[in-house]
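Please examine the sequence and the structure shown below before reading on. The paragraphs that follow lead from a single residue to the helices, the sheet and the aromatic rings.

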Amino acid sequence: MGEKPIIPIPDRLQIFHDRDKLVIRRKWFGLQVLFLIPFTLFWNGFLIFWFYRAFTDGQSTMAAFGSIHGLVGLGLIYFLICNFANATDISVDPNHVVVKIHPFPFPGGKKIRTSDITQLYCDKRITRHKNGTSVSYTVKIIDQRGKYTKLVSGLREPEEAKFIESKIESILGIENQPVAGEI
């Protein structure tokens with residue numbers, strides 16, 4: 001009933017075996033992150049000037065006002081570093097599905113017992129911005145209690161999400177079932 005076609009490995013994904021588990025690795029880097037570099041340089045360059053003026057003029061209030069913006073600037077730098085260096089590993093073994101983000105810490109890691117997983121599916125997220133829209137894809141699981149949990153998100157291509165879903169279902173012996181709202 002729920003037969004899926006064989007899905008080739010998308011370019012941004014790598015597959016390898018580590019002891020008794022299969023690992024699907026997705027590198028974060030994409031060309032869209034290059035557009036954030038000039039903004040981050042401008043933002044932090046302006047703040048360096050701001051703090052220099054505040055401290056040389058003895059304006060502690062001005063420096064305090066800029067501190068929140070300084071934290072945003074540091075966050076932008078960290079986000080850029082993560083997008084250049086990080087990868088997400090999805091490890092599947094007989095007992096667990098583990099999502100690990102490395103080498104720099106970032107939210108999204110989790111460990112789920114395979115016995116709790118009844119179904120996997122993919123969905124599409126459309127975000128509207130002032131300058132257009134962006135689309136991303138998420139792989140979610142349904143557990144024994146019927147609860148939906150995000151396994152991995154921020155995938156840029158539907159093929160990435162479909163491959164991850166199909167590979168994990170195949171390894172765990174889960175028969176694909178239609179889920180309302182899946183792509």
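Is Lys-162 buried, partly exposed or exposed? The model is a predicted one, and in it Lys-162 has a relative accessible area of 34%. Buried would require a value under 20% and exposed a value over 50%, so Lys-162 counts as partly exposed. This residue belongs to helix α3. Leaving aside residues up to four places away in sequence, Lys-162 touches Ile-7, Cys-122 and Ile-183. Its C-alpha atom is separated by 7.9 Å from that of Val-139, a residue 23 places apart from Lys-162 along the chain.

Five strands form an open sheet, in the order β1-β2-β3-β4-β5, with antiparallel pairing. At the edges stand β1 (13-18) and β5, each of which pairs on one side only. From one strand to the next, the twist averages 15°. Strand β2 (residues 21-27) and β1 are joined in the antiparallel sense over six bridges, and His-17 stands opposite Leu-22 of β2. Helix α3, comprising residues 158-172, packs on the sheet and touches β1, β2, β3 (87-92) and β4. The direction of helix α3 makes about 175° with that of β2.

Helix α1 comes next. It has 21 residues and reaches 30 Å from its first C-alpha to its last, close to the 30 Å expected at 1.5 Å a residue. Which residues of α1 are buried? They are Thr-40, Asn-44, Leu-47 and Ala-54. Viewed down the axis of α1, the buried residues fall within an arc of 85°, so they line one face of the helix. The buried residues of α1 pack against α2. On the face turned away from the buried side lie the exposed residues Pro-38, Leu-41, Phe-42, Ile-48 and Tyr-52. Just after α1, Gly-58 adopts a positive phi of about 70°.

The aromatic rings complete the tour. A pair of aromatic rings is described by the distance of the centres and the angle of the planes. The structure holds nine aromatic pairs. Why is the pair of Phe-46 and Trp-50 called tilted? The ring centres are 5.9 Å apart and the planes stand at 45°; pairs count as stacked under 30 degrees and as edge-to-face over 60, so an angle between these limits makes the pair tilted. Phe-46 and Trp-50 are four residues apart in helix α1 (residues 36-56), and therefore about one helical turn separates them. Phe-46 is partly exposed, at a relative accessible area of 41%.

Tyr-78 and Phe-104 form an edge-to-face pair, with 6.5 Å from centre to centre and 75° between the planes. This pair links distant parts of the chain, 26 residues apart: Tyr-78 lies in helix α2 (residues 60-85), whereas Phe-104 lies in the loop between β4 (96-102) and β5 (110-113). Tyr-78 has a relative accessible area of 32% and is partly exposed; Phe-104, at 31% relative accessibility, also counts as partly exposed. Finally, one aromatic cluster is formed by Trp-28, Phe-79 and Phe-106.

Key
Residues are numbered from 1 along each chain as its sequence is written. This is a predicted model: local features need pLDDT of at least 70, side-chain atom pairs count only at pLDDT 80 or more; totals for chains, interfaces and linings use all residues. Side-chain values use heavy atoms; hydrogens and water are left out. Rings of Phe, Tyr and Trp (its six-membered ring) pair if their centres lie within 6.5 Å; planes under 30 degrees apart count as stacked, over 60 as edge-to-face and the rest as tilted. Helices (H or I, at least four residues) and strands (E, at least two) are DSSP runs, numbered from the N terminus. Buried means under 20% relative accessible area, exposed over 50%, partly exposed in between (1.4 Å probe, protein chains only). The expected span of a helix is 1.5 Å times one less than its number of residues. The arc is that of the directions from the helix axis to the C-beta atoms. Contact means heavy atoms within 4.5 Å. Two strands pair if DSSP finds at least two bridges between them. Axes are lines fitted to C-alpha atoms, for helices over the stretch in contact, and angles run from 0 to 180 degrees between N-to-C directions.
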